[in-house]
Each structure stands twice: as structure tokens, then as C-alpha cells.
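Here are a few notes to read alongside the model.

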Amino acid sequence: MKFSENLTKYRKKAGLTQSQLAAKLSVTPQAVSKWEKGSYPDSELLPKLSKILGVSLDVLFGIKNDDGKVNVNNAAAEKLREFCDEDKGQFLMELFYTLLCAYNPNTAAEDISFPESFARETYAHLRTDHELAVSRLNPDMQYFCFLRIPENGINSYFKIQPRIMELFGFLSDENALRIISFAETLGRNYVLTKECIAKELDMPIEVVSDIVDRFDRFGIMWKLTANTGSEPFPIYGYVHNIPLVGILTLAESLVNFLSCREPDIDTWTKAPFRTPDDPEAQKIIQEEKQ
């Protein structure tokens, strides 16, 4: 929407109505109206539009600000739109990798390049007083995980509580993990019965029933009732939960010890979990009291 917003802004700044701008471009006022609502003019009109409004195309499309400085966020967004859906992920991985490498002040921007080959499992790793990040680079499974550390520590967000213990109870149960792994293969809006799961995984129905009921209480699955004309029976939908997939993915990396780190940027002086006697934590507590 940046183009449409800027088109409206600079048209009004030039003192032109939609009809007047349309006349100068030899198009209909309806065409200008559509551009200002989210569509785009034909490419051959862009140079003339830029000249009429007295603004560069980079500014008009939001790539640069009025002062000529590059708007990095808009430039990245416009670049992303150039890729097909299959290639967007690789662009993002390379962008994240570049930004993480830039935390090292001794690395020149022109020297940063995403690895092209991997002799072993490779990670990018960042740990400062304010951020934590890890990214797996190998093409068979790529991810980027970034955390901003609150001033009063990650433990101000993460709490040891019954629901957390219940979750880790699931993750320590092999049968529960098998059911999760199976359910994650299913498409959207797909429902199951306990009997179907038991048959698919060759698992006792009693075991499946107990796990599915726990999943239902936890919100990993939800229970519905089906009626096909005879006696109603329960069916279950699976919540394709992104954090859960992330936990499993990070767990696989963790057991592999994140062995090869390129780069490994490690500049932290304060632990991400803060103790009550930490000066900064005390400052936050005092400010909250006031």
C-alpha cells in the first residue's frame, strides 16, 4: 500500500486532482482512483508520473524517504515481492544471515555471503546482552530463531508453571511424539478418530485415547461430535501450532550440540535470565513500584 499512499500524498502536494493527473497521463480518472486504492499503473507510465509529481520512483514506491535515504524495510519488502513463493524463503534466510553477520563490527558488508556448500551441520549463532539468535543453514532444514531479551530477563516472561510441565510431559512421551508427528502430516481441516490413529500407528487404543484426551485439554487437539445418522461419535481436529513445530525443530538441533557455528558472535556480559539482585532488574522493579 506504500505506493498508493505516496501517490495520493504527492498528487495533493502537487496541487492536482485525480482528474487533472489523469488528463496529464492520458488515462481515465477511474484509473488514478484505482492506483490510489492499491493497484499499479502500467510500467510505461511511471517515468511520466514521476516527472509530473516531481518525485523519484524510489520515493514514490517507498524505497527511499523524502530526504533520499534508503528505506530499508520498504526496499526489503519490494525485493521479496519479486520472488515466486518457492524462492521467498531462501531470500529471507540469506537476509537474516546477513543481518546476523553484521553484528560483528569487523566484518565488512561486502564480505558477507551465504555459504554455498556445507561439509557438516552448520549454524549461525548470536549472543549479546540484548539478543539471542540461532539459524541452521543447511538446505535440508533451514530456520532462523531470534529473541529480544527483556530488560528484566527472559525469566520475566517464561515461568515454571503446571502447563509448562504438562507440555514437557508430552514431549518426553514417545507415543505422544509419534501422534504429533503423524498429525503434522495431515492437511488443513482434517479430522480423525482415536481408532484411526491407533490403526495408523499400530498403537493400543487405550494409549491413544489417553494421549488424545490430554491433547484436547491442552489445546493441541480439539474434540468435535459427528452424527452420520446412527449414534453420534467423537472426532478430533489437530491444531497445526507453529511454536510446537519450532520446539521440535530446535530440539533436534540441540541434541546435535549446534556443533559448527559460522559465524559465532558471542559478546554477552549479562545472562538472559536475570536474578532479583541484578542492578537492571532492580531498576525495573523500582520503576514499576513508582
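1. In helix α8 (residues 162–171), the buried residues are Leu167, Phe170 and Leu171; buried means under 20% relative accessible area, exposed over 50%, and partly exposed in between, with a 1.4 Å probe and protein chains only. Viewed down the axis of α8, these buried residues fall within an arc of 95°, so they line one face of the helix; the arc is that of the directions from the helix axis to the C-beta atoms. Pro162 and Met165, on the other side of α8, are exposed.

2. A word on the basis of these notes: this is a predicted model, in which local features need pLDDT of at least 70 and side-chain atom pairs count only at pLDDT 80 or more, while totals for chains, interfaces and linings use all residues. Residues are numbered from 1 along each chain as its sequence is written, and side-chain values use heavy atoms, with hydrogens and water left out. Helices (H or I, at least four residues) and strands (E, at least two) are DSSP runs, numbered from the N terminus.

3. What covers the buried residues of α8? The cover includes α9 (174–183), α11 and α12 (242–255), with contact meaning heavy atoms within 4.5 Å.

4. Please look next at α8 against α11. Their axes come within 12 Å and cross at roughly 145°; axes are lines fitted to C-alpha atoms, for helices over the stretch in contact, and angles run from 0 to 180 degrees between N-to-C directions. From α8, Arg163, Glu166, Leu167, Gly169 and Phe170 meet Arg214, Phe215, Arg217 and Phe218 of α11. The residues of this contact divide into 4 nonpolar, 1 polar and 4 charged; Ala, Val, Leu, Ile, Met, Phe, Trp, Tyr, Cys and Pro count as nonpolar, Asp, Glu, Lys and Arg as charged, and the others, Gly among them, as polar.

5. Helix α11 (residues 205–218) also lies across β5 and β6, running at about 105° to β5. These strands belong to an open sheet of 3 strands, in the order β4-β6-β5 with antiparallel pairing; two strands pair if DSSP finds at least two bridges between them. The edge strands, each pairing on one side only, are β4 (191–192) and β5 (221–226). Between β5 and the antiparallel β6 (residues 233–238) there are 6 bridges, and Leu224 stands opposite Ile235 in β6.

6. Leaving aside residues up to four places away in sequence, Ser4 touches Trp35, Glu36, Lys37 and Gly38.
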